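Have the sequence and the 3D view open as you read.

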Amino acid sequence: MAKGSISHQIDDILTTYTREVHHVLDQCVEEEARDTAKRLKASSPKRRKYSRGYARSWGVVKRGDTYIVRNAKHYRLTHLLENGHVVRNGVGTYGRVGPQKHIAPAEEAAAMRLPSRIKARLRML
């Protein structure tokens with residue numbers, strides 16, 4: 001055996017393992033993003049006619065290696081519903097609408113579930 005052949009074999013094994021781990025990570029993150037979008041569809045406010053569309057329009061977009069959970073059609077409402085806002089009429093303000101926290105709990109749940117999902121998948125390798 002030549003001296004370089006063992007190092008070449010080890011390099012091939014590590015390259016293959018790295019590729020498999022990257023594939024598993026990508027799958028786990030995609031699944032968690034889709035689960036988070038489903039959770040947001042279920043937990044989003046649905047009181048008014050526009051809010052039903054708000055709840056339905058949660059989805060996932062992949063940009064590079066990043067998965068983004070976003071509200072495609074009603075993205076302007078996300079901040080207002082999550083944090084509350086001032087209500088106005090033609091003359092001035094007349095109150096404040098309280099926050100309806102639905103994004104933060106879904107984000108925290110995803111952050112808690114993702115590491116265990118990754119560990120479980122990597123144990124299968």
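**Salt bridges and a threonine site**

Arg121 is partly exposed, with a relative accessible area of 23%. The model is predicted. Arg121 takes part in a network of salt bridges with Glu31, Glu32, Asp35, Arg113 and Arg117. The structure holds 7 salt bridges.

**Glu31 and its arginine partners**

- Arg121 and Glu31 meet through their side chains in a salt bridge, at 2.7 Å from N to O.
- This pair links distant parts of the chain: Arg121 sits in helix H4 and Glu31 in helix H1, 90 residues apart.
- Glu31 also forms a salt bridge with the side chain of Arg117, with an N to O distance of 3.2 Å.
- Arg117 belongs to helix H4 (residues 103-124) and Glu31 to helix H1, so this pair ties together parts 86 residues apart in sequence.
- Glu31 is partly exposed, and its relative accessible area is 30%.
- Glu31 counts as partly exposed because its 30% falls between the 20% limit for buried and the 50% limit for exposed.

**Lys62 and Asp26**

- A salt bridge joins Lys62 to Asp26, and their closest N and O atoms are 3.7 Å apart.
- The cut-off for a salt bridge is 4 Å between such atoms, so the pair at 3.7 Å qualifies.
- Lys62 is partly exposed, with a relative accessible area of 43%.
- Asp26 is partly exposed too, and its relative accessible area is 23%.

**Thr78**

- Thr78 lies in helix H3, which spans residues 75-83.
- Is Thr78 buried or exposed? Thr78 counts as buried, because its relative accessibility is 17% and the limit for buried is under 20%.
- A polar atom of the Thr78 side chain lies 2.9 Å from the backbone oxygen of Tyr75.
- Which residues does Thr78 touch, leaving out those up to four places away in sequence? They are Tyr54, Trp58, Asn71 and Ile103.

**To recap**

- Thr78 is buried, whereas Lys62 is partly exposed.

How values were computed: Residues numbered from 1 in each chain as written. Predicted model: local features only at pLDDT ≥ 70, side-chain atom pairs only at ≥ 80, totals over all residues. Heavy atoms only, no water. Helix = DSSP H or I, 4+ residues; strand = E, 2+ residues; numbered from the N terminus. Buried < 20%, exposed > 50% of the residue type's maximum accessible area, 1.4 Å probe, protein only. Polar contact = N/O pair within 3.5 Å; in protein donor to acceptor, adjacent residues only side chain to side chain. Contact = heavy atoms within 4.5 Å.
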